[in-house]
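Hi,

Here is the structure I promised to pass on to you. Have a look at it first, and then read on for what turned up when I went through it.

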Amino acid sequence: MTALAARLGLSVPLIQAPMAGVSTPALAAAVCEAGALGSIALGATDAAGGRAMIDAVRAATTRAFNVNLFVHADPVPDDAREAAWRKWLAPEFARFGAQPPATLRTIYRSFADDTAMLAMLVQARPAVVSFHFGLPSPAAIHALKATGALLMATATDVAEAQAIERAGVDVIVAQGIEAGGHRGMFDPGAPDEQLGTLALTRLLVRRCGVPVVAAGGIMDGSGIAAALALGAEAAQLGTAFIACPESAASAAYRAALAAAERTRMTALISGRPARCLVNRFTELAGAPDSPGYPIAYDAGKALHAAASARGEHGYGAHWAGQGARLARALPAATLVATLRDEVARAGLGQASPSSGAAFSK
Ligand SMILES: Cc1cc2nc3c(=O)[nH]c(=O)nc-3n(C[C@H](O)[C@H](O)[C@H](O)COP(=O)(O)O)c2cc1C
């Protein structure tokens with residue numbers, strides 16, 4: 001067993017990825033009860049909503065779980081860009097007898113300036129807290145560490161990983177380009193080397209002094225074993241859990257995943273690069289400059305709602321990784337048990353051969 005798995009009391013070095021809009025307290029609790037680390041995503045809710053989710057997990061399990069936050073830089077509102085974006089999407093809305101929203105809002109508050117969320121977390125004291133899209137202030141990191149929480153943050157390249165380590169975060173989640181959902185890059189406008197999970201994980205294991213978790217395209221025990229062989233302390237799987245009955249994925253999302261043929265990285269739906277099942281939205285052409293995340297997401301969600309109301313589900317944010325075709329529709333406990341067996345069969349579940357990284361608790 002890896003040191004990280006031992007620290008968290010896991011029987012398999014597996015983290016169910018936090019998935020805003022898809023993961024649920026029931027999914028996280030089922031994963032925890034089965035011996036892996038379950039996660040809830042608070043990126044799309046506020047402090048009260050987050051507290052309710054934490055309480056719901058605790059009502060179902062006493063085990064450690066992960067609470068995940070979006071730490072994005074807010075976009076600068078730009079009326080001209082937003083008008084151009086609405087104009088570009090207007091013909092799509094018109095297909096369903098609708099119009100784009102008159103104004104676009106910043107629908108998600110970043111944890112970077114959400115003092116109510118920080119206060120709630122300090123009070124609720126979840127065992128694990130993770131960050132996506134960036135890092136909170138040193139004061140917030142200090143306050144969370146003072147509760148005894150293990151902190152994790154997503155990196156998509158070496159520079160982000162080094163910033164995470166410098167900030168005193170305990171674990172780096174190495175998210176490869178294969179990953180489903182939003183790319184965790186700190187600055188979506190910066191050049192993206194698009195490193196794959198294999199190269200990124202190995203790079204970070206070699207370059208960083210804290211444990212690394214591999215994420216992106218891992219769908220079964222062979223993939224988890226491969227991540228461990230690279231020196232990762234655990235694997236974080238998202239797409240593999242979307243089809244679990246405990247997830248919040250809609251019937252249309254499940255059907256799209258079951259029929260998955262291709263995925264595509266797109267910023268059209270939310271304003272940030274994210275890997276999605278190819279659908280009508282990912283294939284739209286001629287987009288002007290984006291108003292940015294999460295302002296563009298306000299329009300994207302409205303378009304999906306208008307189309308869905310008329311029975312067209314091809315505009316959904318059907319996030320999925322490159323391994324989508326390997327997804328299994330199993331209850332979470334069965335999936336975790338299956339993954340544990342597969343890791344054991346691959347012969348690498350008991351050791352992390354080349355990590356050597358220590359916790360800086
Ligand atoms: C539907 C979906 C939603 C996601 N939402 C989040 C999120 O809220 N927070 C986060 O840190 N990562 C999120 N991710 C990314 C995962 O943490 C992880 O990097 C990714 O799922 C790994 O790749 P895989 O999907 O190929 O397993 C999401 C991924 C998916 C598929």
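How far is an oxygen atom of the ligand from a polar backbone atom of G238? The distance is 2.9 Å. Before going further, please keep in mind that this is a predicted model, so every value below is computed from predicted coordinates.

**Around the ligand**

G238 is one of the residues that come nearest to the ligand, along with P18, N68, G217 and T239, out of 24 residues around it. G180 contributes from its backbone, with an N or O atom 3.2 Å from a ligand oxygen. On its own the ligand has 590 Å² of accessible area, and the protein covers 98% of that. The elements giving two or more residues to the shell are β3 (66-70), β9 and α10 (239-242).

In helix α8, which spans residues 197-207, you will find T201. T201 counts as buried because its relative accessibility is 0%. A polar atom of the T201 side chain lies 2.7 Å from the backbone oxygen of T197. Beyond its neighbours within four places in sequence, T201 is in contact with A174, V212, A214, L230 and A232.

Helix α9 covers residues 221-229, and its buried residues are G221, G223, I224, A225, A227 and L228. The cover over these buried residues includes β1 (14-16), β8 (212-215), β9 (234-237) and α13 (332-346). At the start of α9, a side-chain oxygen of D220 comes to within 3.2 Å of the backbone nitrogen of S222. Just after the helix, G231 has a positive phi of about 105°.

Strand β5 (residues 150-155) is largely enclosed by the rest of the structure, because 6 of its 6 residues are buried. Which residues lie on each side of β5? L150, M152 and T154 are on one side, while L151, A153 and A155 are on the other, and both faces are covered. As background, in a regular strand the side chains alternate between the two faces of the sheet. Strand β4 (residues 128-132) pairs with β5 in the parallel sense over 4 bridges, and S130 stands opposite M152 in β5.

V169 belongs to the loop between α7 (158-166) and β6 (171-175). Is V169 buried or exposed? With a relative accessible area of 0%, V169 is buried. Not counting residues up to four places away in sequence, V169 touches L151, M152 and A153, and also F131, L135, I141, I164 and V210. For a sense of scale, V169 and E261 are 92 residues apart in sequence and 37 Å apart in space, C-alpha to C-alpha.

**A three-stranded sheet**

There is also an open sheet of 3 strands, in the order β7-β11-β10, with antiparallel pairing. At its edges stand β7 (181-182) and β10 (263-266), each with a single partner strand, so one side of each has no neighbour in the sheet. β10 and strand β11 (residues 274-277) run antiparallel and are joined by 4 bridges. Within that pair, M265 stands opposite R275.

**Cysteines**

How many disulfides are there? The count comes to 0. C244 is in no disulfide, and the nearest cysteine sulfur, that of C32, is 13 Å away. C276 is in no disulfide either, and the nearest cysteine sulfur to it, that of C244, is 19 Å away. C244 counts as buried because its relative accessibility is 0%, and C276 counts as buried at 0% too.

**Backbone details to look at**

The peptide bond from Y293 to P294 is cis, with omega near 0°. P294 sits in the loop between β11 and α12 (295-309).

F133 is not a glycine, yet it has a positive phi of about 80°. F133 is in the loop between β4 and α6 (138-146), and it counts as buried at 1% relative accessibility. Q194, also not a glycine, has a positive phi of about 55°. Q194 lies in the loop between β7 and α8 and counts as partly exposed at 47% relative accessibility.

Best wishes

Terms used
Residues numbered from 1 in each chain as written. Predicted model: local features only at pLDDT ≥ 70, side-chain atom pairs only at ≥ 80, totals over all residues. Heavy atoms only, no water. Buried < 20%, exposed > 50% of the residue type's maximum accessible area, 1.4 Å probe, protein only. Polar contact = N/O pair within 3.5 Å; in protein donor to acceptor, adjacent residues only side chain to side chain. Contact = heavy atoms within 4.5 Å. Disulfide = S-S within 2.5 Å. Pairing = 2+ DSSP bridges. Near = heavy atom within 4 Å. Areas by Shrake-Rupley, 256 points an atom, 1.4 Å probe, with all protein chains shown as cover.
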